[in-house]
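Welcome! Take a look at the sequence and the structure below, and then let us walk through some details together.

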Amino acid sequence: MTRKKNITIPVSIGYGLTDIMGGGAFTVIGAWLLFYYTTFVGLSPMEAASIVAIARIVDAVVSLFMGSFTDHFYKNYFGKKFGRRRFFLLIGAPLMLVYALLWLDGMSYGFYLAVYLAFEVIAAMVLIPWETLPSEMTKDFNARTKLSTCRMFLSASGTFLATFIPGVLIAHFGEHNANAYFINGIVFAVAFMACVFISWKVTWEREITPEMLAELEKDNVKTSWLEKMNSIAMLFKDYASTLKVRAFRKHLAIYLFSFTAKDVYNTVFVFFCVYCLNVSSALAGTLLSMSIVGLPVTLLAGVAIIKYGPSRLYMFGYSVMLICLGGLFLIYQFPTDNKVMLLLILAAAYQVGRCVLEFTPWNVFPFIPDIDEMISHQRREGLFAAVMTFSRKTTVAIATFAVGLLLQSGGFVKGSQVQPQEAINTIAMLLFVGTSVLLLFAFWQATTFHLNKKTHGLFVAEVERMKATHDAKGIAPETQAVVEDLTGYSWARLNNLPEKAPENAVTQL
């Protein structure tokens with residue numbers, strides 16, 4: 001389970017397969033679930049959006065504890081035998097079949113809420129420990145990039161399949177046949193189960209540290225209720241402490257603004273195609289399936305992130321997406337006979353930007369715990385994964401509920417093939433204004449994000465030097481600047497040294 005192995009391409013592919021579920025399941029949910037529930041099941045936009053919002057808020061709270069839970073899971077029998085992270089992949093694989101139940105027709109609101117809540121919790125139980133595995137398996141930048149590149153390539157594959165297969169099934173069964181959605185659910189549920197199991201099989205974890213062994217050797221001491229409450233309070237303090245890392249604050253802001261922008265776009269896009277552009281939902285699926293361009297883009301991005309760094313990739317991706325939104329706005333305002341061809345071109349270009357948007361944050365994430373180690377002197381991968389997941393699920397819940405609320409207040413009529421002009425205007429506003437504003441905020445944060453291969457290499461080398469020598473005064477000036485920029489702390493504060501007075505300070509007598 002813990003022996004060191006080489007990060008080969010087959011291992012990287014096996015690790016990355018789980019993101020076919022991570023990328024595919026939530027792409028289908030984001031693009032089709034609200035449309036399916038309002039068109040076939042008969043739920044109102046508010047009811048459909050509240051299912052997603054309620055489930056993800058509850059799941060966000062569960063996710064918050066999941067990271068810390070896996071950090072300490074090595075202390076019990078199952079953690080010792082199967083791993084503190086990988087155990088959850090093993091038990092989560094068969095539970096993926098719950099996904100198919102989301103697409104049953106004719107059930108009650110309570111049924112859909114319960115099933116969606118169950119799937120969200122199962123997905124979090126798998127994804128949070130799985131996301132920490134690159135940090136567990138290797139410290140090497142290139143090896144982690146190999147793992148993350150394969151992961152994002154497979155995520156892009158999952159995104160393509162999640163948009164292509166529904167479009168094919170809808171075209172085959174007809175626009176008004178709910179069976180297409182249920183069959184799609186069964187196919188993906190089985191695929192997700194297989195992918196998670198393979199990831200469990202090919203991955204491993206880092207060896208238990210001396211600190212972990214010392215904890216294991218301690219006698220079990222019964223704790224009082226007050227001590228348990230204090231430990232929970234300390235856990236929340238630990239979560240808050242992740243935001244003290246400057247690089248993580250910027251990373252989190254970029255991640256949340258950009259992914260929420262993508263969520264708003266995905267949620268509204270099918271509505272926009274059907275009701276604003278007057279094209280079929282099958283064509284909307286075809287446009288979304290242009291995500292196939294993400295496959296080669298992911299490979300190119302894997303090279304580009306090493307050569308140019310995450311910041312430039314972010315700015316490129318967001319710029320492409322904003323230009324494509326402008327193109328969609330022109331087609332909406334000035335319809336032409338070549339509308340379908342133009343939509344296909346814009347959809348393909350948008351997917352280039354979207355692929356870079358999704359690829360970059362999860363390539364950056366494995367390096368954040370390395371920066372935290374300089375501050376906390378601990379390995380807290382699970383804690384950071386939990387904060388990211390909690391924040392992501394909270395923002396997507398708010399965004400989805402806001403979309404449902406605005407659709408309903410904008411006059412959207414559930415189950416109707418024709419919508420009033422007010423509802424059409426609301427859909428267009430959500431797509432153009434909502435997505436653009438969020439992308440612009442992410443772009444702004446990306447301009448000052450300095451974590452890349454060079455700065456990470458200097459940082460890790462300094463961490464190892466300090467462990468070996470404990471010489472805080474032997475740091476090179478360039479390395480000190482990098483450490484202070486990424487951590488947000490002065491070098492003196494990190495090492496309990498007296499702060500230097502500014503060079504231009506006036507001595508007071």
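This is a predicted model: local features need pLDDT of at least 70, side-chain atom pairs count only at pLDDT 80 or more; totals for chains, interfaces and linings use all residues.

Residues are numbered from 1 along each chain as its sequence is written, and side-chain values use heavy atoms, with hydrogens and water left out.

**Buried residues and their neighbours**

- Asp372 is found in helix H17 (residues 368-376); helices (H or I, at least four residues) and strands (E, at least two) are DSSP runs, numbered from the N terminus.
- With a relative accessible area of 1%, Asp372 is buried. Buried means under 20% relative accessible area, exposed means over 50%, and partly exposed is in between (1.4 Å probe, protein chains only).
- His251 has its place in helix H12 (residues 246-276), and it counts as buried because its relative accessibility is 0%.
- Which residues does His251 touch, not counting residues up to four places away in sequence? They are Tyr314, Pro361, Val364, Phe365, Ile368, Met388 and Phe449.

**The largest nonpolar core**

- In soluble globular proteins, nonpolar side chains tend to be buried together.
- Here the largest nonpolar core has 161 residues, and Tyr37 and Tyr99 are those with the most contacts inside it. Such a core is a set of buried Ala, Val, Leu, Ile, Met, Phe, Trp, Tyr and Cys residues joined through side-chain atoms within 4.5 Å.
- Helix H12 gives the most to this core, with 19 residues.
- Tyr99 is in contact with Ala25, Val28, Ile29, Phe119, Gly185, Phe188, Ala189 and Phe192, leaving aside its neighbours within four places in sequence.

**Salt bridges**

- Side chains of opposite charge can pair when their charged atoms come close.
- How many salt bridges are there? The count comes to 10, where a salt bridge is a side-chain nitrogen of Lys or Arg within 4 Å of a carboxyl oxygen of Asp or Glu.
- One of them joins Asp19 and Arg151, whose closest N and O atoms are 3.1 Å apart. This pair links distant parts of the chain, with Asp19 in helix H2 (residues 18-41) and Arg151 in helix H8 (residues 141-173), 132 residues apart. Are the two partners buried or exposed? Both Asp19 and Arg151 are buried.
- Glu120 forms a salt bridge with Arg56, and the closest N and O atoms are 2.5 Å apart. Glu120 lies in helix H6 (residues 109-131) and Arg56 in helix H3 (residues 45-71), so the pair ties together parts that are 64 residues apart in sequence. Both Glu120 and Arg56 are buried.
- Glu120 also meets Lys393 in a salt bridge (3.0 Å, N to O). Here the link runs from Glu120 in helix H6 to Lys393 in helix H18 (residues 381-409), 273 residues apart. Both Glu120 and Lys393 are buried.
- Through shared partners, salt bridges join Arg56, Glu120 and Lys393 into one network.

**Helices in contact**

- Two packed helices are described by the angle between their axes and the distance between the axes.
- The axes of helix H20 (residues 453-469) and helix H21 (residues 477-487) come within 9 Å and cross at roughly 100 degrees. Axes are lines fitted to C-alpha atoms, for helices over the stretch in contact, and angles run from 0 to 180 degrees between N-to-C directions.
- H20 and H21 are therefore roughly perpendicular to each other. Angles under 35 degrees count as roughly parallel, over 145 as roughly antiparallel, 65 to 115 as roughly perpendicular and the rest as oblique.
- The contact is made by Lys454, Thr455, Leu458, Phe459 and Glu462 of H20 and by Glu478, Thr479, Val482, Val483, Leu486 and Thr487 of H21.
- Sorted by class, the contact of H20 with H21 has 5 nonpolar, 3 polar and 3 charged residues. Ala, Val, Leu, Ile, Met, Phe, Trp, Tyr, Cys and Pro count as nonpolar, Asp, Glu, Lys and Arg as charged, and the others, Gly among them, as polar.

**A loop residue**

- Asn278 is found in the loop between H12 and helix H13 (281-288), and it counts as exposed at 64% relative accessibility.
- Phi of Asn278 is near 60 degrees, a positive value in a residue other than glycine. Most residues other than glycine have a negative phi.

Notes:
Contact means heavy atoms within 4.5 Å.
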